[in-house]
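Thanks for coming. I have one model to go through this morning, so let me put it on the screen.

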Amino acid sequence: MLTTPICHKHILKEWLNSGYIYENKLHRTDEGTPQGGIISPMLCNIALNGLEKEIRKEFPPIKLLNGKTPKVNIIRYADDLIVTGESKDILIKVKEIIENFLKIRDLEIKKAKTRIITIYEGFDFVGFNISRKKYNPRLNKLTEQKTVLVIKPSNKAVKAIKFRIREIILKKKLEIVAIIKEINPVLRGWGNYFSISYHSQNTLIKIGHLVWGSMMKWVRQKHPSRSIFKAVSKYLIKGKTRRYLNI
């Protein structure tokens, strides 16, 4: 198997030995990599370089003698990998190719996270849940399609953002200005990332309701002796179409 040689190995070596700073203290990295370090996906991509070519050798994206195309597609993001295929038999063969490719590099597939499923069962990838559902003709009478591809935030991603919201608003005991300063970048980043899918709208609306409900709880904790209406009016200015924070 021919692979492209890795250039500038000395830079990777220096990167691995550079250590990391935690609480203003330098910690050496004599072995392994720091958890969450950006060197990990870099090394993973280097190790997996050439995987697509190996799969394409067996399943080229051209018509075969029988006039059909294998319809095998590989999507890789760092150490997350998805392969789509027309049949289960094709995917079983692809899995064998991947296992052999990794074995040469002294790596192996994590069986707990590896499945062969249908698109109707759905799967999670880079924070999204992707599945194909039966189409409801009442939603759009201009189409006759029977199914629709649904791409929305995964349950894991939703659970993580809910925890983060409650942590910032309720657990940290911050003042209103500090809450806004900390939570706005979180909500903006999460919203921008997941807003690329039309089917994320319902989830984004629910997250908005959670923020509002959490802020109401914060107001109650901050002013336990006041009525909720008087306490809320302390922080809101009514505009023509919406309410603004008075800070």
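Predicted model: local features only at pLDDT ≥ 70, side-chain atom pairs only at ≥ 80, totals over all residues.

Numbering runs from 1 along each chain as its sequence is written, and side-chain values use heavy atoms, with hydrogens and water left out.

The protein has eight helices and nine strands, taken as DSSP runs numbered from the N terminus (H or I, at least four residues, for helices; E, at least two, for strands). Of its 247 residues, 27% are buried; buried is under 20% relative accessible area, exposed is over 50%, and partly exposed is in between, with a 1.4 Å probe and protein chains only.

Now helix 7, residues 201–222. Its 22 residues should span 32 Å at 1.5 Å a residue, and the end C-alpha atoms are 32 Å apart, which agrees. The expected span is 1.5 Å times one less than the number of residues. Its buried residues include I207, L210, V211, S214 and W218. An α-helix has 3.6 residues a turn, so residues three or four places apart point the same way. The buried residues of helix 7 pack against strand 7, helix 5, helix 6 and helix 8, a contact being heavy atoms within 4.5 Å.

Helix 6, residues 176–194, bends by about 30° at I183, with a proline, P185, following within four residues. The bend is the angle between axes fitted to the seven residues ending there and the seven starting there. I183 is also one of the buried residues of helix 6, as are W190 and F194. Their cover includes strand 6, strand 7, helix 5 and helix 7.

Which residues have a positive phi without being glycine? V126 is one, at about 45°, and K173 is another, near 55°. Most residues other than glycine have a negative phi. V126 sits in the loop between strand 5 and strand 6 and is partly exposed, at 28% relative accessible area. K173 is in the loop between helix 5 and helix 6 and is exposed, at 61%.
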